[in-house]
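Dear colleague,

My notes on it follow directly after.

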Amino acid sequence: MNDGSVRVAGRVVDLFQGARLTPTQRRIAQTLVEHAAKAAYLSAGEVAELAGVSQPSVTRFAMALGHAGYPALRRELRAMTEDAPAEPAEQNAMQRAVQGETEHLRRVGEQLHELADVRRAASLLIASRPLPVLGLRAAAPLAAYFGYFAAKVFPGVRVLDGGGTSLLDRLDQARADGAGAMLAIVLPRYPRESVEAVREAKAAGLSVVAITDSAVGPVAEFADVTLPAAVGTQLVFDLHTGPMTMAMVLLQAMCDAAPEPVQRRLEEFEATSARRNVFLA
């Protein structure tokens, strides 16, 4: 996506915020986001084919958003597309990728104008002992990063970054040990095991906070709170600047809301690090 396409995709996501969508409707919404640049020029049948649903489902989706039918929704999408800024001609591919990330961060900043979701997510997570943090494949480094810092303040942080048959076992163990919530970081291409683990956690009674790239992604329907942050897709491998920022914002909110004296725990860590000469500076 170029910078203009990123803006259009963001505006398309805004159309669905707060709407109660069925799983089929979420699939349609995600398709429109993925094809934001051309969505305004697709027929209902073409959208249905891309999403793998029926054409009447597309019509019902448009009506669920308050439109008389799909043509009315398409007109709104077209207005967004026509208003999108043009891509700067002088930028090369690398610059456009970085510029796309600045747009993602701008949108995260706009979302944080209202902190209700972040604060609710923080409240759910700080009450969980232990606290499982799920992140598989591309999301594993981000889960480890979050877990590394969270463990300095909150006891019992467990990073679940390996799939296979042991993943659900570890989730069961966390639940048996008293976990009441889980943070799930699920990024494209949405590992099947991640979605299944989120579904299992929800079925077991855990509250789920999801950091993912879209409010209508495949884990959103199972999450109690979804904190969306777009992923950069202009390079060979994705850029996760937005999700990383959202994760650290969430951790800050957890520290702000923590009933335990966060500063004391941090000072104890610093004192121990100094005694052991852990850091050079």
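**Helix H5 and its buried side**

Helix H5 (residues 55-64) has as its buried residues Ser-57, Val-58, Phe-61 and Ala-62. Here, buried means under 20% relative accessible area, exposed over 50%, and partly exposed in between (1.4 Å probe, protein chains only). These four residues lie on the same side of H5, because they cover an arc of only 140° around the axis, the arc being that of the directions from the helix axis to the C-beta atoms. An α-helix has 3.6 residues a turn, so residues three or four places apart point the same way. After H5 comes Gly-66, with a positive phi near 95°. Helices (H or I, at least four residues) and strands (E, at least two) are DSSP runs, numbered from the N terminus.

**Basis of the model**

This is a predicted model, in which local features need pLDDT of at least 70 and side-chain atom pairs count only at pLDDT 80 or more, while totals for chains, interfaces and linings use all residues. Residues are numbered from 1 along each chain as its sequence is written, and side-chain values use heavy atoms, with hydrogens and water left out.

**Overall fold**

The protein comprises 13 helices and five strands. Its radius of gyration is 20 Å, close to the 19 Å that the globule rule gives for 281 residues, so the protein is as compact as a globular protein of that length. The radius is taken over C-alpha atoms, and the rule is 2.2 Å times the number of residues to the power 0.38. Of the 281 residues, 46% count as buried. Among contacts (heavy atoms within 4.5 Å) between residues at least 6 apart in sequence, 71% join residues at least 24 apart.

**Two buried residues**

Phe-154 is in the loop between helix H9 (140-150) and strand S2 (157-160), and is buried, with a relative accessible area of 3%. Not counting residues up to four places away in sequence, Phe-154 touches Ile-126, Arg-129, Leu-251, Met-254, Cys-255, Ala-258 and Arg-265.

Thr-212 belongs to strand S4 (residues 207-212) and counts as buried at 0% relative accessibility. Leaving aside neighbours within four places in sequence, its contacts include Val-186, Tyr-190, Val-219 and Leu-227.

**Backbone geometry**

Most residues other than glycine have a negative phi, and most peptide bonds are trans. Arg-129, one of the residues touching Phe-154, is joined to Pro-130 by a cis peptide bond with omega of about 0°. Pro-130 is in the loop between helix H8 (116-126) and strand S1 (131-134). The bond from Pro-188 to Arg-189 is also cis, with omega near 15°.

Arg-137, although not a glycine, has a positive phi of about 55°; this residue is exposed, with a relative accessible area of 68%. Asn-277, in the segment after helix H13 (262-276), likewise has a positive phi of about 55° and counts as exposed at 62% relative accessibility.

**The second largest pocket**

A pocket is an open set of points on a 1 Å grid over the protein atoms alone, where a 1.4 Å probe fits, with protein on both sides within 12 Å along at least five of seven lines; lining residues have an atom within 4 Å of a point. The second largest pocket has a volume of about 310 Å³, a volume being the space filled by probe spheres set on the points, which are joined across faces, edges and corners. Of its 17 lining residues, the closest to the centre are Pro-23, Arg-26, Arg-27, Gln-30 and Pro-218. Helix H2 gives the most to this lining, with six residues.

Yours sincerely
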